[in-house]
Amino acid sequence: MPELPEVEFCRRALSRWTQGRTITQVEIADPRVVRDSRTARPSAGSALAAECLRHVARHPIGLDRVGKRILWRFEAGSLLLHLGMTGRWTRGPSAFPKVRLHLDSGDVLTFHDPRLLGGIVPFEDGRAAHAAFTADLGPDALLASLPRLTGKRAVKLVLMDQTVVAGLGNVQAMEALWRAGIHPLRQADSIDAVEHVRLSDAVKRQLLGTLTMLGEGDEVVYVEERGAPNPFPLYQRAGERCPQCAPAGRTSLIQHFRQGGRGTWWCPGCQGEPPRVAADTG
Ligand SMILES: [Zn+2]
């Protein structure tokens with residue numbers, strides 16, 4: 001599922017494709033993805049929202065991102081874009097579109113979302129758009145410094161809590177903890193000042209590394225999709241030798257367990273044994 005780097009990839013692609021362009025036609029093939037509000041039930045599209053989208057999506061100004069949300073600003077309003085689990089924007093002809101935007105260049109931009117957990121929320125009012133864009137989100141994981149992590153919950157779950165820090169999902173959080181040498185089951189408030197600096201740095205390196213890996217193309221593949229290539233050193237590599245340990249002469253094998261319903265991979269050589277005081281993993 002898309003995390004901060006994949007959403008930033010999308011923001012950059014939409015910005016590149018629409019720079020100096022006008023949208024000449026909005027085709028809504030599946031109205032369920034166009035919603036009245038950010039908190040509307042997924043797939044609860046509305047005719048009013050569809051009308052608003054047609055009115056707003058004309059002269060693009062620019063795109064902002066906080067965490068996994070994009071705000072696309074237009075002369076007549078804004079669009080709040082969500083990718084959810086399977087949403088993506090592409091350029092060029094494609095099957096099973098939800099929404100198509102035709103540009104004056106002849107290009108066609110398509111929004112796909114088989115699971116319907118993403119969507120588009122149009123706003124004519126700029127203040128309402130900005131409020132929805134930032135509601136219930138902590139500081140952006142890439143652009144802001146990592147806030148102090150508190151509480152008895154496991155540090156990985158706190159990193160994935162969008163109200164604490166926005167943009168990290170399962171893969172980015174676990175890979176960052178591995179880079180920082182912190183066990184994912186540590187209680188958040190057990191992270192000391194030195195570890196916090198290391199983790200903050202690891203989060204930035206992790207996100208920038210993934211962004212670099214995604215490159216500047218038109219298509220992005222989500223690693224959790226069936227059959228997708230796995231470019232990550234830790235994710236889904238249980239039993240393999242840890243590439244971070246090898247240069248230090250250790251031969252640690254990557255381990256796996258379930259945490260908060262999601263798979264977690266970790267290395268005992270880099271991250272130590274599980275803490276004796278168990279964190280809350282719910
Ligand atoms: Zn290791």
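Student: How many helices and strands are there in the protein?
Tutor: The model is a predicted one. In the protein, the count is seven helices and 10 strands.

Student: What radius of gyration does the protein have, against the value for a compact globule?
Tutor: The C-alpha atoms fill a box of roughly 60 × 35 × 30 Å along the principal axes. For 282 residues, a compact globule would have a radius of gyration near 19 Å. The protein agrees with that value, because its own radius of gyration is 20 Å.

Student: What percentage of the 282 residues is buried?
Tutor: A residue counts as buried when its relative accessible area is under 20%. Among contacts between residues at least 6 apart in sequence, 65% join residues at least 24 apart. The buried share of the 282 residues is 51%.

Student: Which residues are the protein donors of the zinc ion?
Tutor: The donor atoms are SG atoms, lying 2.2 to 2.3 Å from the zinc ion. In sequence the donor residues follow the spacing C-x2-C-x21-C-x2-C. They are Cys242, Cys245, Cys267 and Cys270.

Student: What is the geometry of the zinc ion site?
Tutor: Ideal angles at a metal with four tetrahedral donors are 109.5 degrees. Four donors count as tetrahedral if all angles lie between 85 and 135 degrees. Here the angles among the four donor atoms are 100 to 118°, and the site is tetrahedral.

Student: How many residues apart are Cys242 and Cys270, and where do they lie?
Tutor: Among the donors of the zinc ion are Cys242 and Cys270. Cys242 is in the loop between α6 (193–214) and β9 (255–259), while Cys270 is in helix α7 (residues 268–271). The pair links distant parts of the chain, with a separation of 28 residues.

Student: Is Cys270 buried or exposed?
Tutor: Cys242 has a relative accessible area of 2% and is buried. For Cys270 the relative accessible area is 17%. Because buried means under 20%, Cys270 counts as buried.

Student: Which residues does Gln259 touch, leaving out those up to four places away in sequence?
Tutor: Gln259 is placed in strand β9. Its relative accessible area is 1%, so Gln259 is buried. The residues it touches are Ala154, Lys156, Leu157, Pro184, Leu185, Thr264 and Thr281.

Student: Why is the pair of Trp89 and Phe111 classed as it is?
Tutor: The structure holds four aromatic pairs. In the pair of Trp89 and Phe111, the ring centres are 5.2 Å apart and the planes are at 35°. Planes under 30 degrees apart count as stacked and those over 60 as edge-to-face, with the rest tilted. The pair is therefore tilted.

Student: Where in the chain do Trp89 and Phe111 lie, and which cluster includes them?
Tutor: Trp89 is in strand β5 (residues 88–91) and Phe111 in strand β7 (residues 108–112), 22 residues apart. Trp89 is buried at a relative accessible area of 7%, and Phe111 is buried at 0%. Ring pairs link the cluster, made up of Trp72, Phe74, Trp89 and Phe111.

Student: Which parts of the chain does the pair of Tyr235 and Trp265 tie together?
Tutor: The aromatic pair is edge-to-face, with 5.2 Å centre to centre and 70° between the planes. Tyr235 and Trp265 are both buried. The parts tied together are 30 residues apart in sequence: the loop between α6 and β9, holding Tyr235, and strand β10 (residues 262–266), holding Trp265.

Student: Which ring does the charged end of Arg88 sit over?
Tutor: The charged end of Arg88 is 4.5 Å from the centre of that ring. The ring belongs to Tyr222.

Technical notes:
Residues are numbered from 1 along each chain as its sequence is written. This is a predicted model: local features need pLDDT of at least 70, side-chain atom pairs count only at pLDDT 80 or more; totals for chains, interfaces and linings use all residues. Side-chain values use heavy atoms; hydrogens and water are left out. Donors are N, O and S atoms within 2.8 Å of the metal (3.2 Å for Na, K and Ca); water is not among the atoms, so sites may look incomplete. Four donors count as tetrahedral if all angles lie between 85 and 135 degrees; four count as square planar and six as octahedral if opposite donors are over 155 degrees apart and all others between 65 and 115; anything else is irregular. Helices (H or I, at least four residues) and strands (E, at least two) are DSSP runs, numbered from the N terminus. Buried means under 20% relative accessible area, exposed over 50%, partly exposed in between (1.4 Å probe, protein chains only). Contact means heavy atoms within 4.5 Å. Rings of Phe, Tyr and Trp (its six-membered ring) pair if their centres lie within 6.5 Å; planes under 30 degrees apart count as stacked, over 60 as edge-to-face and the rest as tilted. A charge sits over a ring if NZ of Lys or CZ of Arg is within 6 Å of the ring centre and within 35 degrees of the ring normal. The radius of gyration is taken over C-alpha atoms; the globule rule is 2.2 Å times the number of residues to the power 0.38.
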